[in-house]
Amino acid sequence: MKRITIKVGSSVLTEKNAIAMERMLNLVSLIIKLKKKYEVILVSSGAVAAGYTALRLDRKKNIGKKVLAAVGQPILMSSYKQLFDIYNTDISQILTTEEDFDSITHVDIFKRIIDTQLENDIFPIVNENDITTTSDQLFGDNDQLSAHVAYYTNSDLLVIMSDIQGYYDKNPSKFNDAKIIRHISHIPDEALNQEVTPMHEFATGGIVTKLKAAHYLLNKDRKMFLCSGFDLNSAEDFLLHGKQSKGTLFSKRSDDEF
Ligand code: ADP
């Protein structure tokens with residue numbers, strides 16, 4: 001069975017200071033379908049935004065963000081649990097840091113935890129443990145974390161679900177005539193060094209961290225698919241029907257399929 005890692009952004013999971021339960025349910029329903037064909041791992045953002053639903057602290061201050069993440073992590077996970085329970089699927093929570101990926105021992109433990117959970121039909125949900133860590137121990141965004149998770153768990157593909165339909169030739173929130181690029185095999189340095197442009201209050205990366213994630217995987221001859229987390233049709237078409245209706249595939253060769 002092929003293995004995929006899916007990363008979903010906070011813009012998809014939260015709406016007006018609350019968990020967007022309907023969108024989360026759509027995601028969970030898609031994951032249940034995907035599990036028949038793939039081993040699936042989820043990297044989920046949204047803890048800080050979920051924390052803000054219970055406690056109004058300034059998330060821009062480092063300690064505020066950490067407190068919100070600590071408050072929000074159980075809110076986020078109980079929302080997932082409620083929805084996965086509908087499908088009698090048990091979930092797990094795995095919190096990790098960038099530093100963990102520097103150590104062969106930690107990477108090995110991480111991979112064995114994921115492998116054992118998948119073998120036992122437990123659905124793994126990964127997030128960055130930004131609560132007691134310092135900023136240099138962290139990626140700071142789940143795009144790059146998910147690329148490492150995909151690589152070290154031997155996933156065949158990373159799927160990043162965001163608030164956009166793919167990677168455009170220019171910023172789609174500024175230019176109406178921006179067009180989706182269907183396939184990318186190389187990311188130029190200037191694109192990786194652009195200013196970070198998150199769209200939403202709780203987003204951290206913007207397009208640059210998604211390109212960095214793709215760059216990391218391309219260098220290792222792995223693939224990444226960037227698509228919408230609002231309209232899941234393109235993810236479903238691509239992953240279940242072998243059809244790329246929308247979305248951007250990052251892969252070394254232009255004739256690559258998944
Ligand atoms: P998420 O919470 O899903 O990680 P972000 O807000 O961090 O989402 O990143 C997605 C945003 O990046 C989009 O809403 C879009 O406005 C912005 N963006 C800038 N340039 C581009 C581009 N060339 N293609 C797609 N999105 C872009």
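Guide: What follows is a set of questions and answers about a predicted model.

Visitor: Let's begin with the sheet. What is the order of its strands?

Guide: Eight strands make an open sheet, running β5-β6-β4-β1-β7-β9-β10-β8, and the pairing is mixed.

Visitor: What makes β5 and β8 the edge strands?

Guide: Each of them pairs on one side only, and that is what puts β5 and β8 (183–184) at the edges.

Visitor: How do you know that β5 and β6 pair?

Guide: Two strands pair if there are at least two bridges between them. Strand β5 (residues 90–96) and strand β6 (residues 122–128) have seven bridges, in the parallel sense, so they pass that test. If you want a spot to look at, Thr96 stands opposite Glu128 in β6.

Visitor: What about β7 and β9: how many bridges do they have?

Guide: Strand β7 (residues 157–162) and strand β9 (residues 223–228) pair over six bridges, in the parallel sense. There, Ser162 stands opposite Ser228 in β9.

Visitor: Which residues of α2 are buried?

Guide: They are Arg23, Met24, Leu27, Val28, Leu30, Ile31, Ile32 and Leu34.

Visitor: What makes the contact between Asp115 and Arg3 a salt bridge?

Guide: The cut-off is a side-chain nitrogen of Lys or Arg within 4 Å of a carboxyl oxygen of Asp or Glu. Asp115 and Arg3 meet at 2.8 Å, N to O, so the pair qualifies. Asp115 sits in helix α5 and Arg3 in strand β1 (residues 2–8), so their bridge ties together parts that are 112 residues apart in sequence.

Visitor: Why are Asp115 and Arg3 called buried?

Guide: Buried means under 20% relative accessible area. Asp115 comes in at 15% and Arg3 at 10%, so both names follow.

Visitor: Which residues are linked with them in a network?

Guide: Salt bridges link Arg3, Glu39, Lys111 and Asp115 in a network. Across the whole structure, a search finds 13 salt bridges.

Visitor: What do Asp121 and Lys35 tie together?

Guide: Their side chains meet in a salt bridge of 3.0 Å, N to O. Asp121 is in the loop between α5 and β6, and Lys35 is in the loop between α2 and β4 (38–44), so the pair joins parts that are 86 residues apart in sequence.

Visitor: How many residues separate Asp85 and Lys81?

Guide: They are four residues apart in helix α4, about one helical turn.

Visitor: What makes Lys16 stand out, and is Lys16 buried or exposed?

Guide: Lys16 has a positive phi of about 45° although it is not a glycine. Lys16 is in the loop between β2 (14–15) and β3 (18–19). Its relative accessible area is 75%, and exposed means over 50%, so the label is exposed.

Visitor: One last stop: which residues form the nonpolar patch on the surface?

Guide: Leu55, Leu57, Ile63 and Val67 form that patch, with about 310 Å² of accessible area together. Leu57 is in the loop between α3 (47–52) and α4 (62–86). Patch residues need over 30% relative accessible area, and Leu57 has 32%, which also makes it partly exposed.

Methods: Residues numbered from 1 in each chain as written. Predicted model: local features only at pLDDT ≥ 70, side-chain atom pairs only at ≥ 80, totals over all residues. Heavy atoms only, no water. Helix = DSSP H or I, 4+ residues; strand = E, 2+ residues; numbered from the N terminus. Patch = residues over 30% accessible without salt bridge, like charges linked within 9 Å, V, L, I, M, F, W, Y side chains within 5 Å. Areas by Shrake-Rupley, 256 points an atom, 1.4 Å probe, with all protein chains shown as cover. Buried < 20%, exposed > 50% of the residue type's maximum accessible area, 1.4 Å probe, protein only.
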